[in-house]
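Please look at the sequence and the model first.

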Amino acid sequence: MELELSMKERLNLINQYKILLKLADEDSLEKKEYENLIEILERGYTRYYSMAISEISEEELSDKECKAVVDILDLYSDLYFYWNNDDEIQNTIDKAKVLFKGFDGQNEVKYLDLYKFLLNDLDRFSDIKDLHESRILNEYDSHGFSPDIADLKMMVSRWKEIKSKETFEKLTLEDFKYILK
C-alpha cells in the first residue's frame, strides 16, 4: 500500500517525531528511529512513509464486530457464572465447555487483539481476566481449539433468545445444552 501524505500531514508528523526525539534517551534505539522518520518525512521519501505509521493497523473492526466480541465475552461470563453456581449443571456440563478459550490467532487476529485489549487495557470482564491470572485459562489464542467466530455468534444468538424471554430467571441445564450445541 502506497501511503500519500499532504505537506500539512508530513509537517504534523515531523513535529511529533521531533518532540519524541527530545524525550528519548540519548543512546536509545528510539532516538535513531525518530531521526530516520523525521528525515523520511522531511525529504519526502514516499516509499518509506508507511514506517511512520507502522503501529497503525490497516484493518478496522466495525462497531458490529466489536459488539460481537463483547457479546461473546458476556455470554461466556454468564455461562461460567451459572455453571459455577449450579451443581446439576456442573455435574452434566464439562467445565472446559464454559471457559472461553479465545480466538484463533491465525484466522481471527483482529478479534483476538480486541479480546486482549478489553481484558488487559480496559479492565473489562474481570471474571475472565481472573481465570487467566489464576491460570485456569492459559492463553488468549485458542489455536483453533474453540468454536470459530460464526459458531460463537450462533451461540450468542441462542443465549440472547433465552434471556429475552419474559419468563427468564436463570440459565438452566437445558439452556446450556441449547446454547452449546
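The whole structure holds 9 aromatic pairs, where a pair means rings of Phe, Tyr and Trp (its six-membered ring) with centres within 6.5 Å, and planes under 30 degrees apart count as stacked, over 60 as edge-to-face and the rest as tilted. This is a predicted model, in which local features need pLDDT of at least 70, side-chain atom pairs count only at pLDDT 80 or more, and totals for chains, interfaces and linings use all residues. Residues are numbered from 1 along each chain as its sequence is written, and side-chain values use heavy atoms, with hydrogens and water left out.

**Aromatic pairs**
- Phenylalanine 81 and tyrosine 82 form an edge-to-face pair, because their ring centres are 5.2 Å apart and their planes stand at 80 degrees.
- Tyrosine 82 is buried at 15% relative accessible area (buried is under 20%, exposed over 50%, partly exposed in between; 1.4 Å probe, protein chains only).
- Tyrosine 115 and tyrosine 140 are also edge-to-face, with centres 5.4 Å apart and planes at 70 degrees.
- Tyrosine 115 lies in helix H6 and tyrosine 140 in the loop between helix H7 (126-133) and H8, so this pair ties together parts 25 residues apart in sequence; helices are DSSP runs (H or I, at least four residues), numbered from the N terminus.

**Helix H8**
- Buried residues of H8 include Leu152, Trp159 and Ile162.
- Their cover includes helix H3 (63-84), helix H6 (109-121) and helix H9 (173-180), with contact meaning heavy atoms within 4.5 Å.

**Isoleucine 19**
- Isoleucine 19 is located in helix H1 (residues 7-23).
- Its relative accessibility is 53%, so isoleucine 19 counts as exposed.

Notes
Helix = DSSP H or I, 4+ residues; strand = E, 2+ residues; numbered from the N terminus.
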